[in-house]
There are 2 protein chains.
Amino acid sequence: MISQLIEKIQKTKAPVCVGLDPMLSYIPEHIVKKAFEEYGETLKGASEAVWQFNKEIVDHTWDLIPAVKPQVAMYEQFGIEGLTVYKRTVDYCREKGLVVIGDVKRGDIGSTSAAYATGHLGHVKVGSRTLAGFDTDFITVNPYLGTDGVKPFVDVCNQEDKGIFVLVKTSNPSSGEFQDRLIDGRPLYELVAEKVVEWGDQSMDKGYSNVGAVVGATYPEMSRILRKLMPRTYFLVPGYGAQGGTAEDLRPCFNEDGLGAIVNSSRGIIAAYKQEKYKDFGPENFGEASRRAVMDMVADINRVL
Amino acid sequence: MISQLIEKIQKTKAPVCVGLDPMLSYIPEHIVKKAFEEYGETLKGASEAVWQFNKEIVDHTWDLIPAVKPQVAMYEQFGIEGLTVYKRTVDYCREKGLVVIGDVKRGDIGSTSAAYATGHLGHVKVGSRTLAGFDTDFITVNPYLGTDGVKPFVDVCNQEDKGIFVLVKTSNPSSGEFQDRLIDGRPLYELVAEKVVEWGDQSMDKGYSNVGAVVGATYPEMSRILRKLMPRTYFLVPGYGAQGGTAEDLRPCFNEDGLGAIVNSSRGIIAAYKQEKYKDFGPENFGEASRRAVMDMVADINRVL
């Protein structure tokens, strides 16, 4: 699967992914109003607004980008109706030829991780049939439970040609609280990185592994070390833009050849029309504003590669 | 919320919770067959079988126990249809007066954790209304992202009188890979435990905190230390029975007064009819077998308290 992602990155010349993390407050009033008129101020109404918003963004950006990353929490907050729109978004993006990275950060004991892997990447056996639950291309995985909590995801990657990104060093302010603590003189995130390499060796796909790593853009000096520790691991890099990471901060996440990382931006793209820079588009043309923001982001990142 | 759980534990004299983690292979053939006849070999058919199975178990055990713990992964594997049955199970158990612990192990950066907290414990604002997604009483939370990934859950606990159990030391074989690594001479799980106490201080509810800890039954010597480090933290203890933990292993999880922990059993209860010990009940009476298994488990644990 990672080779497919790389192919799309090379084709679009855009090592970026759009984070489809809609909050109701990002969605222009005309869309929310229409959805509420149709379904009322209900979870279904809110979810319909999210869907119409997502569709417009995808329709205006799909030809520029290799991948999207819907954050499932933003859908789960609306319960079943929200998750139904998560699935609809995943399916729609895959129809458009986009690689879909489900940002679900699952992880549990072995048998439970196996069920998550089945639900998000694989197929479940129902009588004589095998059926898919969410069927994303990649998901993000939390490593706190160790190898037997991650291994079932790797197994499904091999069976179904899918991929995962394991949390190594996250982009949030308190990520260092546990991740940076020294163990035998080295931070925990380096130990996790070494395990990611070990897990990844079991699922190589041409030059890179289907087992990638989440490495926040907000800590460039750490990215440099992690890049060396994990030369064949693709990085999913959150934290660009709204969270404070700059293009210069991203450079260490990439290998010399310009491969090795895909940078996510969520709010900076999907709520672009709210920024001073793009406000002339107006809420009616928020999709166009997002398209322009993607073009600017791609140019900004390619500038440092 | 923790005071409500304790009250129910005292009333039932049963510091146990039943893990509603159904696998299709646990469900008796007559139930699966009926569900497939009605809905075909589909995700809906499988989910219907899960629902009928759950309902029978709950109907046969609700009066003996304070709480249930559905593992959401087992439902997510069947996609939207599965999650619909997760919600139906949560709602049904709450109607029966049970405390529901959603075993979701969520955790992310602040804004994302806030969305998870909203979806599973709180209410989301939709226009002029506030609506609930899953509305469980407790959920489990992964601490790998540190304080700003956990704080939004604590906030919702305070706003809505709900609770969480944060992963400290999990029950799986490779849990030590990261959790046991020494930092300044002390294992990582002890540092997490100290943070759990700090977070918990912000949400006290009578004698205990709404911020509990997941502490596996499989490592009794560690439970003893954690009990001392976290005197006012309730422990959710997985790993009893099928995973190998015995009643004697559990003793250190409890305080002197017999409070301080609730022990989960999943397979050992819900698939009891498959055990040699309960096989005389037969698949038709699997609910009765589960009831007997709960009674045996309660007696076994009370024996050491």
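In this predicted model, 34 residue pairs, both members at pLDDT 80 or more, are in polar contact between chain A and chain B. On the side of chain A that touches chain B, helix H6 (residues 110-120) of chain A gives the most, with seven residues. That side of chain A divides by class into 33 nonpolar, 25 polar and 14 charged residues.

Charged pairs also have a part here: eight salt bridges are counted between chain A and chain B. One of them joins Lys195(A) to Glu177(B), with 4.0 Å between the closest N and O atoms.

Now let us turn to the extent of the interface. The size of an interface is often given as the accessible area lost when the parts come together. For chain A and chain B, the buried area is about 5700 Å², and 61% of it lies on carbon and sulfur atoms. Three residues supply more than any other three: Glu41(A), Tyr144(A) and Phe178(A) provide 16% of the area that chain A buries against chain B. As for the residues taking part, 72 come from chain A and 72 from chain B.

Here are the counts between the two chains side by side:

| Item between chain A and chain B | Value |
|---|---|
| Salt bridges | eight salt bridges |
| Polar contacts (both at pLDDT 80 or more) | 34 residue pairs |

Finally, a look at one pair of helices. Helix H5 (residues 79-95) of chain A and helix H5 (residues 79-95) of chain B have axes that come within 10 Å and cross at roughly 170 degrees. Because of that crossing angle, H5(A) is roughly antiparallel to H5(B). From H5(A), the residues Ile80(A), Leu83(A), Thr84(A) and Lys87(A) meet Ile80(B), Leu83(B), Thr84(B) and Lys87(B) of H5(B). Sorted by class, this contact of H5(A) with H5(B) holds four nonpolar, two polar and two charged residues.

Terms used:
Residues are numbered from 1 along each chain as its sequence is written. Chains are lettered from A and ligands numbered from 1 in the order in which they are written. This is a predicted model: local features need pLDDT of at least 70, side-chain atom pairs count only at pLDDT 80 or more; totals for chains, interfaces and linings use all residues. Side-chain values use heavy atoms; hydrogens and water are left out. Contact means heavy atoms within 4.5 Å. Buried area is the accessible area (1.4 Å probe) that two parts lose on being put together, summed over both. A salt bridge is a side-chain nitrogen of Lys or Arg within 4 Å of a carboxyl oxygen of Asp or Glu. A polar contact is a pair of N or O atoms within 3.5 Å; within protein, one must be able to donate a hydrogen and the other to accept it, and residues adjacent in sequence count only if both atoms are side-chain atoms. Helices (H or I, at least four residues) and strands (E, at least two) are DSSP runs, numbered from the N terminus. Ala, Val, Leu, Ile, Met, Phe, Trp, Tyr, Cys and Pro count as nonpolar, Asp, Glu, Lys and Arg as charged, and the others, Gly among them, as polar. Axes are lines fitted to C-alpha atoms, for helices over the stretch in contact, and angles run from 0 to 180 degrees between N-to-C directions. Angles under 35 degrees count as roughly parallel, over 145 as roughly antiparallel, 65 to 115 as roughly perpendicular and the rest as oblique.
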